[in-house]
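Here are some friendly notes to read with the structure open beside you. Take the points one at a time and find each place as you go.

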Amino acid sequence: MFKNEEMEINLGPQHPSTHGVLRVKLRLDGETITHCRPMIGYLHRGVEKICENQTFFQGQVWTDRMDYCSAVANNLGWAEANEKLFGITVPRRAQYIRTMLNEFNRLASHLIWLATHALDIGAMTVFLYAFREREDILDMNEAFCGSRLTTTAFRIGGLREDLPPGFEKLVKKFLAKFPTCLEEYENLLSENRIWKKRTIGVAKLSAEDAIALGVTGPVLRAAGVPYDIRKAFPYAAYAEMDFEVPTKTEADTYARYLVRMEEMRQSARIIQQCMDGMPEGPVMAKIPKILKAEVNEVYHATEAPKGELGYYLVGEKGSGNPYRFHVRAPGFINLQSLPKMAEGGLIADIVAAIGTLDIVLGEIDR
Amino acid sequence: MPIPTLTQSIVITLVQCLLVVIFVFVVVPLTVFAERKVLGYLQQRLGSTRVASGHVGITGWMNRGMWKWGRIPVLSYWRGIPGLVADVLKLILKEDIIPAKADRFVFFIAPAISMVSAVVVFAAVSFVPGVFFTFPKWFPFVGGLPVSGGIADINVGLLWILGVASVGVYGIVLAGWASNSKYPLLGGLRSAAQMVSYEVPLAISLLAPVVLSASLNFGEMSARMAVGLPFWGLVPQILGFLIYLTCGFAETNRLPFDMPEAENELVAGFHTEYSGMKFGFFYLAEYINMTVVAALASGFFLGGPWLLPFGLQGLVNPFLPAFLSWFGEPHAIFFVVKIIFLLFTYIWVRGTIPRYRYDQVMSVAWKYLIPLALFNLLLAALVRCFA
């Protein structure tokens, strides 16, 4: 007499909490998710192929547009991969400035994550508080390179320009107020019973699963694996910085929240160290106007805010553009773990899972 | 006092209805406006400051006018208020889309059920005990007749309120079902479960005032809770008040219990497929329901139309100068002020805390609120027996 049917439902591509044009195919038994498959590709622009038809200098502009929330980190990866390809040594001052801006970018990216994640779970106020601080970081981006979001901050071989006058003051002002801002968010969330109920034990991903799926970044660290490329394979000026890699073992959404909050603190520490130990000197290495590659290949991984961002470049003899370009986008690989996290949970949990993965569709679809 | 004829009493009742409707339609838009502004200020932004995109036409005219007035410092806060007019205009002028596969009749009737059941509750709410005002002698037809503080101050007022309010859930469930679409269906199912569950602790928490005041009549209950007890009803019934308020939040689908329309999960829940004034009816119904819950809470637990709590009323009265003597009397203004305060609480909570998950919402109701409400009822009964 009674039929028990599973309902198939599309979460997205137009949905308030899929962070762009992600489409997730769900099969629901009541409110429980029995089957979950993310469908991607709605924002595919063919960045990799486009970059193969552009010079090495021009390719940088496209990296801005992959993970548009952390353009600086993308720029850094591209610049360093190319420097590795051509064997360029970057001046020390440029390294420091890069490190500092990269950490600022990590703050901006984590603030966006916090804002949207909290909004998805229904805490509306944190959203606007976090955007308030992100605004200051974007202002600094603007002061440094003229644009706020798609920065194209660095050049292969160093920086286009030194820090603008007065930049130090901006940084100081920001660092002075940022810890209190973090406390403000944590007051609203950390001990909030509802927030804890919505995040503790939700969207679990064990360390074994995370490693098997290639998940990196805060999601991996929240499962207890202290893998941070800044420590494991230091690049830019990270070898000279003193910071900790926060880890948690609970491997749930709350642990990821705590890890990211602690990462923001550590980022602020790194910025402080960069400011204190900023060396003098040139910011650009001597490089030819046109870069011609040899037959060569590099893979360069950096710790982007979302995880391991790897650039794979293959050079062709005498050619001004890469023969092959591939991006190991952290969001793309991390998204694989969504079914593992969401299946068996409730419909509200998948929203938390998408939020905690901190995906940006520009990077996933490329 | 002259005894009104049947026709006269019908006219008077109509006047009362008109007053209540005016009250509702003044309070609701102001709540919407306050929601924008208060939420804005909670979040360190300005809230609405203009009608969206308008340099020409009606909206442009309103924008320019308000911008001029807004130069006066106090009025600058109110610059966003034409937005309310624009909102209503938009709702009325928008195309009214009925999905092809929808059940047309049910789809049509659902917002009406929501809206009507929300407004009709006010029939049994008495804004002030006794006479609200008397028509002046020169007034045609009803001159010299008193207008009481409630439309129908009936003996079973509370039953009426609970009964009619629970009809409202049909509007939401039917809307979710009639849309013939998946997200609204999920929203409708959620609301069916949630609102039925929360009806139970809500009713039990209201039984305590019934026990304490030995009445089901709204006016009498509020009078006895406010005056008969040594304090407002609030202090002996603080537990009941908090339970009631929590259930009220759930019944009106406000954060942290806005399951049926959880924006980030179900897009817009049960009203995803609605547009135009049909959607407007749901919107209105939500805010009217908020007002209803606030009115009941202030009537039963916050001393209704009486001003001062904690038995201070008697102490203060002799010292009040003559022109302030109405401070000593129950007055509808105080009632309204308390309603407005509770409405502010709604917005405040919305700005502060996240949303529960659906199963957690249910467990809150069944595991915590119902036992607590029963305990509270027991407490009230003990007080009634021995005090």
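1. At roughly what angle do the axes of helix α2 (residues 57-69) of chain B and helix α3 (residues 82-93) of chain B cross? They cross at roughly 170 degrees and come within 10 Å. Axes are lines fitted to C-alpha atoms, for helices over the stretch in contact, and angles run from 0 to 180 degrees between N-to-C directions. Angles over 145 degrees count as roughly antiparallel, and α2(B) and α3(B) are therefore roughly antiparallel to each other.

2. A word on the model: it is predicted, so local features need pLDDT of at least 70 and side-chain atom pairs count only at pLDDT 80 or more, while totals for chains, interfaces and linings use all residues. Residues are numbered from 1 along each chain as its sequence is written, and chains are lettered from A and ligands numbered from 1 in the order in which they are written.

3. Back to the helix pair. B:Thr59, B:Met62, B:Asn63 and B:Met66 in α2(B) meet B:Pro82, B:Val85 and B:Ala86 in α3(B); contact asks for C-beta atoms, placed from the backbone, within 7 Å. Five of these residues are nonpolar, two are polar and none is charged. Chain B has 13 helices and two strands, taken as DSSP runs (helices H or I, at least four residues; strands E, at least two) numbered from the N terminus.

4. Of the 387 residues of chain B, 44% count as buried, that is, with 20 or more other C-beta atoms within 10 Å of their own. Leaving aside residues up to four places away in sequence, B:Val121 touches B:Ile161, B:Val164, B:Ala165 and B:Val292.

5. Where do the chains meet? The contact takes 25 residues from chain A and 21 residues from chain B. On chain B, α9 (263-266), α12 (332-352) and α13 (358-386) each supply at least two residues. That side of chain B has eight nonpolar, six polar and seven charged residues.

6. Now look at chain A, where an open sheet of three strands has the order β6-β7-β8 with antiparallel pairing; strands pair if DSSP finds at least two bridges between them. Nine bridges join β6(A) to β7(A), with A:Leu309 the partner of A:Thr302. Five bridges link β7(A) and β8(A), and A:Val314 has A:Arg324 as its partner.

7. Strand β8 (residues 324-328) of chain A has two faces: A:Phe325 and A:Val327 are on the covered one, and A:Arg324, A:His326 and A:Arg328 are on the uncovered one.

Conventions. Two residues are in contact if their C-beta atoms, placed from the backbone, lie within 7 Å. Ala, Val, Leu, Ile, Met, Phe, Trp, Tyr, Cys and Pro count as nonpolar, Asp, Glu, Lys and Arg as charged, and the others, Gly among them, as polar. A residue is buried if 20 or more other C-beta atoms lie within 10 Å of its own, exposed if 12 or fewer, and partly exposed in between; C-beta atoms are placed from the backbone. Angles under 35 degrees count as roughly parallel, over 145 as roughly antiparallel, 65 to 115 as roughly perpendicular and the rest as oblique.
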